[in-house]
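Here is a short briefing on one protein model and its ligand. Keep the structure open as you read.

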Amino acid sequence: MSGISHEADITIIGAGVIGLAIAAQVASRRQVYVLEKNETFGQEASSRNSEVIHAGIYYPKGSLKAKMCLEGSAMLYELCEREGIGYKRLGKVIVAANETEVDDLERLLNQGKENGAIGLKMLSRQELEELEPKVNGVAAIFSPATGIIDSHALMKYFITKAKNDGAEIAYTSKVVGIEKVADGYEVTIEDGFSFKTSIVINCAGLNSDRIAELAGIDIVEAGYKLHYCKGEYFSVGHGKNKLVQRLIYPVPPKDEDVGIHVTLDLKGGMCLGPNARFVDRIDYAVDSSQKQAFYHSAIKLLPFIEYDDLEPEMAGIRPRLQQPGEDFRDFVIRHEYDRGLPGFINLVGIDSPGLTASPAIAKHVGDMVDEA
Ligand SMILES: Cc1cc2nc3c(=O)[nH]c(=O)nc-3n(C[C@H](O)[C@H](O)[C@H](O)COP(=O)(O)OP(=O)(O)OC[C@H]3O[C@@H](n4cnc5c(N)ncnc54)[C@H](O)[C@@H]3O)c2cc1C
């Protein structure tokens, strides 16, 4: 446990994009330790996602997801521009494959506009054809503010800023115990080392419910129990990446998040994904038997894709608060003083749009820390 003395001010559990963004936010005014169980930062959800800067279309008005996505997207573009972090404001189209999907598309457009998503516009079949001639569809929403970002470079920026402001990061430091003591918490690491901290910020992603439980919270009663929702990606080869210019999304199917879509990376590489499959354990292998389902889902909008273009690429797992078929659940970002845990801040269920929202979440948590 290099660098950590027996007393700490703020301890952040988890060096994903959320923990690192918060460390960068608070390290200039407080002493910060970040504990990470892996050998380096950003090995889980934060490096296993679509790297899309979302515009704020999909989330109910007034939700934290809508608010933080809108704020975070503006902050990210500004940050990328200022700090030279790779990004592209590519734009995206959400495409209705047939007339029966047009009502859902209109509902989505209205929700996005109510949330304040910038520049949304309904496209006719002809307008879609002018924008994306190889895409099949009867109508589409055009979102000019959607983009992509180099998430690794973003995390590097947060970590450098946090360290320059004095934060310490300890890798291979899995938190296994949290006990409430006078004026703070006794945190125990797997190797047996323990230390006292005034504030704990739980950013442990897929383990954030267990960290809350370690602190004594009944996670079932609190509604914090997480379910693992796997998202797999298949790359699209044979030069097909040249055939679209933007991110291409379907009208979201029921129970399937935003639906399997076309992602493009900063080098122009093209993938399909992610699907949404609830699983029992954390395993990042791609199940190649999913290829058929990806192919059938893709050809509705992208008739140029052939079965042999697809190769398994990677997978991520979403920390999901809702089980299959359950209604929308918002991010949990909560100071637990009313559960007898002053100075304990939980972030649970930070699934999409967590990457987009990261700087806004960090600002929000920074304000909570100032009040705590
Ligand atoms: C398939 C998929 C696609 C997505 N696409 C997008 C997208 O396009 N745009 C977008 O905005 N968002 C997207 N997201 C969401 C986004 O990736 C996440 O919201 C974000 O990365 C969450 O960051 P995090 O830091 O909370 O979690 P993580 O990155 O998972 O970090 C949590 C960290 O905590 C550590 N940890 C866990 N337990 C302990 C412990 N006991 N002790 C110490 N350390 C611990 C872990 O090792 C890990 O490093 C997607 C997510 C997935 C899975």
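Start with a charge over a ring: the charged end of Lys92 sits over the ring of Tyr249, 3.6 Å from the ring centre. Lys180 does likewise with Tyr185, lying over the ring face at 5.1 Å from the centre. Keep in mind that this is a predicted model.

**Aromatic pairs**

- A pair of aromatic rings is described by two things: the distance of the centres and the angle of the planes.
- Searching the whole structure turns up 8 aromatic pairs.
- One of these pairs joins Tyr295 and Tyr307, with ring centres 5.7 Å apart and planes at 90°.
- Is Tyr307 buried, partly exposed or exposed? Its relative accessibility is 33%, so Tyr307 counts as partly exposed.
- Elsewhere, ring pairs join Tyr33, Phe193 and Phe195 into a cluster.

**Around the ligand**

- How many residues surround the ligand? The count is 39, and the closest are Glu36, Ser46, Val52, Ile350 and Thr356.
- By type, the shell divides into 17 nonpolar, 14 polar and 8 charged residues.
- Glu36 uses its side chain: a polar atom there lies 2.6 Å from an oxygen atom of the ligand.
- Lys37 uses its backbone: a polar atom there is 3.1 Å from a nitrogen atom of the ligand.
- Which elements give two or more residues to the shell? They are helix 1 (17-26), strand 18 and helix 9 (354-371).

**A buried valine**

- Where is Val332? Look in strand 19, which covers residues 332-335.
- Val332 has a relative accessibility of 12%. Val332 therefore counts as buried, since the cut-off is under 20%.
- Val332 and Gly349 are 17 residues apart in sequence. In space, their C-alpha atoms are 6.2 Å apart.

Note on methods. Residues numbered from 1 in each chain as written. Predicted model: local features only at pLDDT ≥ 70, side-chain atom pairs only at ≥ 80, totals over all residues. Heavy atoms only, no water. Phe/Tyr/Trp six-rings, centres within 6.5 Å; stacked < 30°, edge-to-face > 60°. Buried < 20%, exposed > 50% of the residue type's maximum accessible area, 1.4 Å probe, protein only. Lys NZ or Arg CZ within 6 Å of the ring centre and 35° of its normal. Near = heavy atom within 4 Å. Polar contact = N/O pair within 3.5 Å; in protein donor to acceptor, adjacent residues only side chain to side chain. Helix = DSSP H or I, 4+ residues; strand = E, 2+ residues; numbered from the N terminus. Nonpolar A, V, L, I, M, F, W, Y, C, P; charged D, E, K, R; others polar.
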